[in-house]
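Colleague: I would like to learn how to read a protein model, one feature at a time. Please give me the general idea first and then the case at hand.

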Amino acid sequence: MLMSLPVLPVAGQGVSLLETPAGGAARAPLPGGLENQPRPIPLKIKLPFPAGKSYKVIQGNHGDFTHTGFNEYAWDFAMPLDAEVCAAAAGRVVRVKQDGTAGGPSNEFFGDGNAIIIDHGEGYFSHYLHLAPGSARVKEGDLVTGGQTIALSGNTGFSSTPHLHFHVQDSSGKSLPVVFQDVPGEGSLAEDTMAVSQNDGTGTSQYAGESYLEPEIFKGNNIHLITRNLPGHLFRTGRDYRVRGRITGEQSRRVALYFMGPAGGKALFTIYAAVDTDGFFETWFDPATIKSKVGTWNHEPGQSNLFSLAIAPVKADGSFWSDVSVPVCIR
């Protein structure tokens, strides 16, 4: 049985290891029109393998095996080991994992899945999963063109047969419906069909610049972001990030911004921000602080430092819990 899952964090109970005083929370009204902004430019992509190559779709959108929920708009291509995987469109590489060596059809292999994520701008990211160990041809931060080879296919992670899992997602990791420019007709691919690539570097979207976290990314935690400077995936050390937002549900005296491991769980690094009487909060942080809180740190951009990020209200007893977390990297 084919099994394919995206690498998604699970939010968890946080334990504070660092507290930073919050700045003065301004009382300006929420900016209008940000809550439900439509994506202004549909992403134009092509199949994620070289022009002229053809592979069978062994699981498509809404697949019965694993393409449900966050993963519903995804494709699995039956690619042999070490086949070339190409960027679906131009963008910047924001995640590289290539140290996984194991694979199998059970949850115990979930964290072993090698993957590359490319930011295309406007909140669009393409995700390439189950890659061969050590096969990345790109590094975190690289600019790539559509059709460029980025890695080789494999069988790592939650997988029972060599293949490539591909989808386009937003900042939260939720898959998005897209069409392929090089697929005849409406650009869709059904299960058990052959996909023939024309990914020659033409006809796809140009890189639209870095994506940022959407204002409603933590809506499930009753948090609305006002500042738009938080990267959609890749945070840089040695840089102060300002975070300003508002609690939209039951009020709390503080909010916690915290980083967890890629699978969620215990908070590795926490910043508290005071909440004013109108529900606004504001603080700053430098991701470099988290380096002292983790056991190992990858200094080379060929292997990302993987985390998940959450912002949540703090309860009266000092605890906090997130129903929403975002996959991120820190470099």
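This is a predicted model: local features need pLDDT of at least 70, side-chain atom pairs count only at pLDDT 80 or more; totals for chains, interfaces and linings use all residues.

Colleague: How much of the chain counts as buried?

Modeller: Buried means under 20% relative accessible area, exposed over 50%, and partly exposed in between (1.4 Å probe, protein chains only). Here 55% of the 331 residues count as buried. One of the buried residues is Ile116, with a relative accessible area of 1%. Ile116 belongs to strand 6 (residues 115-121). A contact means heavy atoms within 4.5 Å. Leaving aside residues up to four places away in sequence, Ile116 touches a list of residues including Val93, Tyr128, Leu131 and Ile150.

Colleague: What share of contacts between residues at least 6 apart in sequence joins residues at least 24 apart?

Modeller: That share is 73%.

Colleague: How should I read a sheet, and what is the strand order in the open sheet of 3 strands?

Modeller: Strands of a sheet pair through backbone hydrogen bonds, either parallel or antiparallel. As a rule for counting, two strands pair if DSSP finds at least two bridges between them. The open sheet of 3 strands has the order 14-16-19, and its pairing is antiparallel. Strand 14 (223-225) and strand 19 (280-285) are at the edges with a single partner strand each, so one side of each has no neighbour in the sheet. Strand 14 is joined to strand 16 (residues 241-247) by 3 bridges, and Ile223 stands opposite Ile247 in strand 16.

Colleague: Which backbone oxygens lie close to the side chain of Ser252?

Modeller: A polar contact is a pair of N or O atoms within 3.5 Å; within protein, one must be able to donate a hydrogen and the other to accept it, and residues adjacent in sequence count only if both atoms are side-chain atoms. A polar atom of the Ser252 side chain lies 2.9 Å from the backbone oxygen of Arg254 and 2.5 Å from the backbone oxygen of Val314. Ser252 sits in the loop between strand 16 and strand 17 (254-261). At 13% relative accessibility, Ser252 counts as buried.

Colleague: And how do I read aromatic rings?

Modeller: A pair of aromatic rings is described by the distance of the centres and the angle of the planes. Rings of Phe, Tyr and Trp (its six-membered ring) pair if their centres lie within 6.5 Å; planes under 30 degrees apart count as stacked, over 60 as edge-to-face and the rest as tilted. That rule gives 14 aromatic pairs. For Phe235 and Phe285 the ring centres are 6.1 Å apart and the planes are at 40°, so the pair is tilted. This pair links distant parts of the chain, with Phe235 in strand 15 (residues 234-235) and Phe285 in strand 19, 50 residues apart.

Colleague: Which residues form one aromatic cluster with Phe235 and Phe285?

Modeller: Tyr241, Phe259 and Phe269 form one aromatic cluster with Phe235 and Phe285.

Notes
Residues are numbered from 1 along each chain as its sequence is written. Side-chain values use heavy atoms; hydrogens and water are left out. Helices (H or I, at least four residues) and strands (E, at least two) are DSSP runs, numbered from the N terminus.
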